[in-house]
Amino acid sequence: MDSKRKKDSPESNELTRSSPFPDEVLERVLGLVKSHKDRSSVSLVCKDWYNAERWSRTHVFIGNCYSVSPEIVARRFPNIRSVTLKGKPRFSDFNLVPLNWGADIHAWLVVFASKYPLLEELRLKRMTVTDESLEFLATTFTNFKALSLLSCDGFSTDGLAAIATHCKNMTELDIQENGIDDLGGGWLSCFPESFTSLEVLNFANLSSDVSFDALEKLVSRCRSLKFLKVNKNITLEQLQRLLECAPQLTELGTGSFHQELTTRQYAELESAFNNCKNLNTLSGLWEATPLYLPVLYPACMNLTFLNLSDAALQSGELAKLLAHCPNLQRLWVLDTVEDKGLEAVGSSCPLLEELRVFPADPYEQDVVHGVTEMGFVAVSYGCPRLHYVLYFCRQMTNAAVATIVKNCPDFTHFRLCVMNPGEPDYLTDEPMDEAFGAVVKNCTKLQRLAVSGLLTDLTFEYIGKYAKNLETLSVAFAGSSDWGMQCVLSGCSKLRKLEIRDCPFGNEALLSGLEKYESMRSLWMSACNVTMNACRRLAKQMPRLNVEVMKDEESDDSQADKVYVYRSVAGPRRDAPPFVLTL
């Protein structure tokens, strides 16, 4: 142990050591522990283990960028090479968090530049990232290798050009679902001709044409490329050429699947897919038509993940495709497949573990197509391993949900979204309380739950009583009184995130969690019956919590329109905009 480590470890003297292992051995062993939760538990064993874990950790996960400061992170962990950082609350995905709210990455990068000059990986979610920050990142960290931006905003393709130009050792560039200013596809030409290290490339959500010549040359040079997702402007003919350059791909996101092909072009595309022997993930397929879906069949045997959320397939098309996917474990589809399509899922995918059904027209009220409880039930009968579901529908029944969880009791994530707020069981006109009661009673491993439909406080009594492993709960347009939220806060001992919008919960409900919030990551409440005085009382009684209120224009001064509560060791944040009141 060097002198600095000795200084940081006053108990390292043999007489006071609580660990029988030499420091070097302990650090090497702890270096094999990858789970951030396990490493955090390890650090609590004793002082020696705390220090060994501190020095051996190379990756840090931060679930809320305001829960800690970059300076505190740097003091705690001196040898970080990889950082995963989340910013805005999840409800920002639904435009509930105002623009310019915060979560800017730049202050973190400035600290990392002095403390972590060997930083290699940065994975950001719901952060604000400017072109200036991307250029700073690209020019400051000479060994930088991996950048993942998910649901971020504030940057343009000029920032991507800086990354491509300066990051000579780049292995991963994953740009997914971002609010990006797409200024054109020239950024892809900025990778040097000598550049060959790329393993992951995803630009699926960009809208402009890229230089296909530059893309083809890049894919040809990078022989280790395993993950490629292109945008919808890439044609089938261009896709065929890319596949010939990279038959080693394991994950592929195609471009548009709608193009006039000659017989020769069709055969070449089919042959290219046939040569992709290692493909396990397939997505894209924009505007897919029945005419060209069969070219996929040769590559489907080893697929474990099929993402059709950009392809409005009909039930017959899905059924034919699934017949060639016997090993599928994850499936994302649009509700255009209807119940018939989900019946095909139940009959063709016995190994399925995750199902997500998205609405093709979420804001259209008079939708003819869609899925119902019958499709969900059919899946549950045929897919006993199912443990993750996100299901958007316009009708549901208590009996159907009870059947589903009886058939699939191992759910860890159950997110049922009945799209019409306050919708009852459409057969009995009763609230949907018993549906979610069945979920929490039968699914003892449940970690994440999203509830919807007409719900009274009884639903939340069930959750508090039975959902003992629940970590995240999302609630919208539900509940009868404060009692519902009180049941959840008092009963769910492992709860970490509680997200509530448009519910009747008020001050009494908010203040009932005084002792609970410090063990949680965050609480979000918007359009509820919470007042500013209750928020001030919470902030006064729990000084280690950050209590932030966002006021809507022309709202009552006494009302707290949006409340965000989170624990923090860094104190109130320093970059709050004027519309965010920190109490």
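This is a predicted model: local features need pLDDT of at least 70, side-chain atom pairs count only at pLDDT 80 or more; totals for chains, interfaces and linings use all residues.

Strand 4, residues 146-150, is largely enclosed by the rest of the structure, because 4 of its 5 residues are buried.

**Strand 4 and its neighbours**

- Strand 3, which covers residues 121-125, pairs with strand 4 in the parallel sense over 5 bridges, and within this pairing R123 stands opposite S148 of strand 4.
- Together with helix 7 (residues 131-140), strand 3 and strand 4 form a β-α-β unit that is right-handed.
- Strand 4 is also joined by 5 bridges to strand 6 (residues 172-176), and these two strands run parallel; here L147 has L173 of strand 6 as its bridge partner.

**Q176 in strand 6**

- Q176 lies in strand 6 and counts as partly exposed, because its relative accessibility is 27%, a value that falls between the limits of 20% for buried and 50% for exposed.
- Leaving aside residues up to four places away in sequence, Q176 touches L149, L150, S151, N202 and N205.
- Between Q176 and Y50 there are 126 residues in sequence and 36 Å in space, taken from C-alpha to C-alpha.

- Strand 14 (residues 354-358) is mostly covered, with 5 of its 5 residues buried.
- In a regular strand, side chains alternate between the two faces of the sheet.
- Strand 13 (residues 330-334) runs parallel to strand 14 and is joined to strand 14 by 5 bridges, with W332 standing opposite R356.
- The chain passes from strand 13 through helix 13 to strand 14 in a β-α-β crossover that is right-handed.
- Strand 14 also pairs in the parallel sense with strand 15 (residues 388-393), over 4 bridges, and E354 stands opposite Y388 of strand 15.

**Helix 13 against helix 14**

- Two packed helices are described by the angle between their axes and by the distance between those axes.
- For helix 13 (residues 338-348) and helix 14 (residues 373-382), the packing angle is about 5° and the axes are 7 Å apart.
- Helix 13 and helix 14 are therefore roughly parallel to each other, since angles under 35 degrees count as roughly parallel.
- In this packing, D339, L342, E343, V345 and G346 of helix 13 meet M374, G375, F376, A378, V379 and G382 of helix 14.

**Nonpolar cores**

- The largest nonpolar core has 180 residues, of which W187, L201, L215, F414, L449 and I463 touch the most other members.
- Apart from that core lies another one of 7 residues, among them W332, F358, L390 and C417.
- Not counting residues up to four places away in sequence, the contacts of F414 include F376, V389, V401, I404, V405 and F436, and F414 also touches V439, L446, R448, L449 and A450.

**Helix 17**

- In helix 17 (residues 457-466), the buried residues are D457, T459, F460, Y462, I463 and G464.
- These buried residues of helix 17 pack against helix 16 (433-442), strand 17 (448-451), strand 18 (472-476) and helix 18 (482-491).

How values were computed: Residues are numbered from 1 along each chain as its sequence is written. Side-chain values use heavy atoms; hydrogens and water are left out. Buried means under 20% relative accessible area, exposed over 50%, partly exposed in between (1.4 Å probe, protein chains only). Two strands pair if DSSP finds at least two bridges between them. A crossover is right-handed if, with the strands pointing away from the viewer, the path from the first strand over the helix to the second runs clockwise. A nonpolar core is a set of buried Ala, Val, Leu, Ile, Met, Phe, Trp, Tyr and Cys residues joined through side-chain atoms within 4.5 Å. Contact means heavy atoms within 4.5 Å. Axes are lines fitted to C-alpha atoms, for helices over the stretch in contact, and angles run from 0 to 180 degrees between N-to-C directions. Angles under 35 degrees count as roughly parallel, over 145 as roughly antiparallel, 65 to 115 as roughly perpendicular and the rest as oblique.
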